[in-house]
Amino acid sequence: MQLTGATVLLTGATGGLGRAIAEALAGRGASLILSARKAEALEQLASELPGSGHITIPADLAEPGAATKLALDAGEFDVLVANAGLRGAGDLTDYSHEDIGRAIRVNLEAPIDMARAVMEAMAARGSGQMVFIASLAGKAASPRSSLYNATKFGLRGFALGLRADLAPAGVGVSIVSPGFVRDAGMFADSGAKPPPGMGTTTPERVADAVVRAIEDNKMEIAVAPLSQRMGAHLALASPALGLRAQSGALGRRAAADATTGERKD
């Protein structure tokens, strides 16, 4: 899939990661359909991007049916980048039934609904690309993140299965899984620091990974320093070892700091 001249639907566009992704896609010559909750912020972002023809569709993906409506309102497009997400740090008992529903709806149900709404049209054209912004939290479980882990493990599994289903039709499906991101995103907004030696990545590197995923139909790109990527692979191969590594004093401290930071927002 070549981005020059392509039309891309991007959710979560006005967040820190969303802005970086939007800039990278527009810089490659794509026309963007930008979506997030706040109309004014969307219009401001659209006016600042290179190129022309960018449009905005405000939507709250936590509302039932909003994801399908967004995909249909967007009309025909070549690429879906499902970037919108809700935070999920903290003990499960910190969340009400409604909170749990919103997190699952935004992080997992909405990407599934949007994919379902557009996959047949893409398959009929014999082209298209879907990119799901997951997380290394979809490979490695960690303390005080059970709800977030659940949504990202689920999103990763969904995307891999969908890739197998759509490959014969010429439609690509990719996963981009960031680790700790500095300067933008949920972890940065919480003010927490990663455990020593883990390091961070940047929003721009995540955006570059999205571009590579689209243009090269990559199955999965992990965007993180080597130590984090190795830890995630270890956790996939041996969940017991992964949990032991994540559950030490430093890991629990980072999880507690992230939880405290999110609760302050």
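Strand 5 is largely enclosed by the rest of the structure, because 5 of its 5 residues are buried (buried means under 20% relative accessible area, exposed over 50% and partly exposed in between, with a 1.4 Å probe and protein chains only). What you see above is a predicted model, in which local features need pLDDT of at least 70 and side-chain atom pairs count only at pLDDT 80 or more, while totals for chains, interfaces and linings use all residues. Residues are numbered from 1 along each chain as its sequence is written, and side-chain values use heavy atoms, with hydrogens and water left out.

**The chain as a whole**

- The chain has 10 helices and 7 strands (DSSP runs numbered from the N terminus: helices are H or I with at least four residues, strands are E with at least two).
- Of its 265 residues, 47% count as buried.
- Residues 24 or more positions apart account for 68% of the contacts with a separation of 6 or more (a contact means heavy atoms within 4.5 Å).

**Strand 5 and its partners**

- Both faces of strand 5 are covered: Gln129, Val131 and Ile133 are buried on one side, and Met130 and Phe132 on the other.
- Strand 4 pairs with strand 5 in the parallel sense over 4 bridges (pairing needs at least two DSSP bridges between two strands), and Leu80 has Met130 as its bridge partner in strand 5.
- Between strand 4 and strand 5 the chain passes through helix 4 (residues 97-125), in a right-handed β-α-β crossover (right-handed means that, with the strands pointing away from the viewer, the path from the first strand over the helix to the second runs clockwise).
- Strand 6 (residues 172-178) runs parallel to strand 5 and is joined to it by 5 bridges; here Val131 stands opposite Ser174.
- From strand 5 the chain crosses through helix 5 (residues 146-166) to strand 6, and this β-α-β crossover is right-handed.

**Nonpolar cores**

- The largest nonpolar core has 34 residues, and Leu25, Leu32, Leu34, Val81, Val176 and Val210 have the most contacts inside it (such a core is a set of buried Ala, Val, Leu, Ile, Met, Phe, Trp, Tyr and Cys residues joined through side-chain atoms within 4.5 Å).
- Among the elements that give two or more residues to this core are helix 1 (16-27), strand 4 (79-82), strand 5 (129-133) and helix 7 (203-216).
- A second, separate core of 32 residues includes Leu9, Ala134, Leu162 and Val171.
- Beyond its neighbours within four places in sequence, Leu25 is in contact with Leu3, Val8, Ala30, Leu32, Val81, Val210, Val211 and Ile214.
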